[in-house]
Amino acid sequence: MFGKRGETPTTPPAADTAAQPVPGVQPGQPGQQPGQPGQPGQPVAAEAVPGSIPDIEFGGVTASPGMVDPLAVPAAPAAPAAPAQLTPGVPEPGQFAMPQTAAPQPQAPPAQPPQPPKQQGRKSGGKSESYYDIKTTIFNALIDAIDLTQLGQLDRESARDEIRDIVNEIITLKDVAMSIAEQEELLEDICNDVLGYGPLEPLLARDDIADIMVNGANLTFIEVDGKMEETNIRFRDNAQLLNICQRIVSQIGRRVDEASPICDARLPDGSRVNVIAPPLSIDGPALTIRKFKKDRLKMDNLVKFDSITPEGATILGIIGRVRCNVLISGGTGSGKTTLLNCLTGFIDEEERVITCEDAAELQLQQPHVVRLETRPPNLEGEGEITMRDLVKNCLRMRPERIIVGEVRGSEAFDLLQAMNTGHDGSMGTVHANSPREALSRLESMITMGGFALPSKTIKEMIVGSVDVIVQAARLRDGSRRITHVTEVVGMEGDVIITQDLFIYDVVGEDKDGKIIGEHRSTGIARPHFWDRARYYGEEARLAGALEKAEIRTEELDV
Ligand SMILES: Nc1ncnc2c1ncn2[C@@H]1O[C@H](COP(=O)(O)OP(=O)(O)O)[C@@H](O)[C@H]1O
Ligand SMILES: [Mg+2]
């Protein structure tokens with residue numbers, strides 16, 4: 001066995017790479033794009049020429065400056081024309097004032113006449129066609145009556161009150177028969193349309209949802225407790241959906257349309273958003289939101305959910321504390337970020353930690369943390385700051401540990417170098433389905449990053465850097481498990497040798513389709529990081545946990 005770092009860790013040398021400012025790199029400015037248009041929460045700030053009608057698209061999604069109306073996208077199958085009396089306030093195309101924008105924009109198309117919902121969602125939630133008809137009528141009257149420019153300057157509560165007053169007046173004027181409850185619901189709907197993210201609002205307000213997946217206007221799924229559920233949410237049409245997508249991405253100075261149909265963004269609350277629009281997504285825009293969790297799960301929660309045994313949790317805690325270099329591997333949504341966040345909970349308070357992420361998700365509790373975030377290119381395709389830029393810059397910031405949210409490309413090389421050169425205890429996640437695969441992914445990321453190194457050299461570098469791989473998995477019943485805690489111990493010939501400390505065995509399935517399985521210790525009493533644990537005074541706790549894990553495993557075998 002060779003290639004591993006010295007068994008006894010030493011305190012990392014003070015920043016040997018002297019701090020050199022990197023021109024143009026300004027970490028910590030997420031979302032501050034040049035020419036950033038609409039501010040969150042002020043979607044109706046279109047600069048309308050007095051007396052003219054602001055740029056409004058029926059349905060309440062109002063263009064903000066810099067926002068491109070994306071209606072060039074072919075609307076889904078033609079809808080039956082709406083009755084004429086439902087369109088009292090729809091202006092003629094010529095009446096529109098173009099919003100003043102920084103970026104060149106295609107001509108905003110005229111507002112469309114209201115269209116009744118084309119097709120009932122598979123679960124319509126009990127709302128009838130007549131509800132939508134009434135809503136359309138009231139909505140148009142509201143748009144006629146209200147000055148959207150001024151509304152955009154109000155805070156949300158006042159704007160809501162304003163809308164409430166006018167809607168109530170319209171209901172009285174038009175003599176619409178509605179119960180108080182129905183009126184409230186209607187008001188809520190209309191406010192969401194005018195002020196927020198339309199039909200998405202109720203989903204965004206829920207804390208129990210992990211992901212929201214919108215597949216075109218009529219089909220929206222959510223993930224709750226690891227299970228996929230269809231919802232009764234639907235959009236008026238694909239144009240409304242795309243407009244909402246537009247509103248989301250315009251907040252970080254991006255846009256999504258036929259010319260640039262793929263876009264990553266995030267909501268003001270930190271939720272990550274991906275939009276892919278027609279013509280690439282065939283059945284209307286596909287919007288995916290990974291909701292930001294305010295309270296990330298802690299290790300205790302993972303134990304409670306049987307994702308890991310109590311002994312396993314203790315061992316992971318020790319691994320985190322004694323500065324093993326850790327790679328967390330897993331598929332999408334398998335709990336990698338959650339696990340990384342848990343592991344960072346064991347970092348001592350006095351360590352200087354720098355995190356690099358695509359979208360800041362980690363919630364470190366330590367006082368001495370610098371959080372960095374990558375930046376996508378702006379509309380002109382400039383100004384991108386990649387993960388590699390961040391990790392490289394990190395090394396000049398005298399970090400003690402570097403945490404990389406997701407290792408996906410050439411930054412793998414820099415992270416391994418950091419792990420290898422005194423920044424022990426660095427961590428990152430990688431997308432792979434087994435510890436073995438994680439290792440080969442790492443190797444191919446370095447090869448594809450253009451480093452002309454022989455395979456064996458890269459492998460030696462990996463062996464010299466990574467101590468532990470923790471594998472997370474989302475099982476088919478929706479539960480998340482830590483399936484491997486695996487050490488990287490050395491090389492034999494051209495092959496990296498690993499040893500499992502812990503594995504999860506699937507035994508079967510109960511009658512409800514829930515997977516039955518058990519965490520099993522492999523009986524290794526002296527893991528490779530033993531000396532490290534001793535150095536930090538953790539060997540007694542480590543020995544205790546390993547022993548207990550083994551006893552538990554023996555009990556299982558009986
Ligand atoms: N052990 C677990 N048990 C139950 N839910 C979990 C567990 N780990 C993660 N989750 C939930 O799964 C979702 C995805 O987790 P996340 O860590 O973001 O996954 P990844 O980073 O692998 O994509 C989150 O909503 C999270 O709260
Ligand atoms: Mg993640």
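Reader: Where is arginine 398 found?

Author: Helices (H or I, at least four residues) and strands (E, at least two) are DSSP runs, numbered from the N terminus. Arginine 398 sits in the loop between helix H10 (387-394) and strand S10 (401-404). This is a predicted model, in which local features need pLDDT of at least 70 and side-chain atom pairs count only at pLDDT 80 or more, while totals for chains, interfaces and linings use all residues. Residues are numbered from 1 along each chain as its sequence is written, and chains are lettered from A and ligands numbered from 1 in the order in which they are written.

Reader: Which peptide bond is cis?

Author: The bond from proline 278 to proline 279 is cis, with omega near 5°. Proline 279 belongs to the loop between S5 and S6.

Reader: Does burial get a number, and how does arginine 398 count: buried, exposed or partly exposed?

Author: Other C-beta atoms, placed from the backbone, are counted within 10 Å of the residue's own: 20 or more is buried, 12 or fewer is exposed, and in between is partly exposed. Arginine 398 has 17 such neighbours, so it counts as partly exposed. Aspartate 306 has 15 C-beta neighbours inside 10 Å and therefore counts as partly exposed. Across the protein chain, 41% of the 558 residues are buried.

Reader: How many of the 12 residues of H8 are buried?

Author: 9 of the 12 are buried, so H8 is largely enclosed by the rest of the structure. Among them are Glu311, Leu316 and Arg321. The expected span of a helix is 1.5 Å times one less than its number of residues. For the 12 residues of H8 (residues 310-321) that should come to 16 Å, and the end C-alpha atoms are 16 Å apart, which agrees. After H8 comes arginine 323, with a positive phi near 65°.

Reader: What is the order of the open sheet of 6 strands?

Author: Two strands pair if DSSP finds at least two bridges between them. The order is S3-S2-S1-S6-S5-S4, and the pairing is antiparallel. Strand S3 (227-230) and strand S4 (262-266) are at the edges with a single partner strand each, so one side of each has no neighbour in the sheet. The twist averages 15° from one strand to the next; the axes behind such angles are lines fitted to C-alpha atoms, for helices over the stretch in contact, and angles run from 0 to 180 degrees between N-to-C directions.

Reader: Which residue of the turn between S1 and S2 has a positive phi?

Author: Glycine 216, at about 80°, in a hairpin with 4 residues between S1 and S2. Strand S1 (residues 209-215) and strand S2 (residues 220-224) are antiparallel and share 5 bridges, with methionine 213 opposite phenylalanine 221 in S2. S2 and S3 form a hairpin with 2 residues between them, where aspartate 225 has a positive phi of about 50°. In that pair, glutamate 223 faces methionine 228 in S3.

Reader: What does glutamate 229 touch?

Author: Two residues are in contact if their C-beta atoms, placed from the backbone, lie within 7 Å. Leaving aside residues up to four places away in sequence, glutamate 229 touches Phe221, Ile222 and Val224. Glutamate 229 is in strand S3 and counts as exposed because it has 11 C-beta neighbours inside 10 Å.

Reader: Which strands stand at the edges of the sheet of 9?

Author: That open sheet has mixed pairing and runs S9-S8-S10-S11-S7-S12-S13-S14-S15. Strand S9 (369-373) and strand S15 (515-521) are its edges, each with a single partner strand, so one side of each is left without a neighbour in the sheet. Strand S14 (residues 495-509) runs antiparallel to S15 and is joined to it by 7 bridges. Helix H13 (residues 455-465) lies across strand S13 (480-492) and S14, at about 120° to S13.
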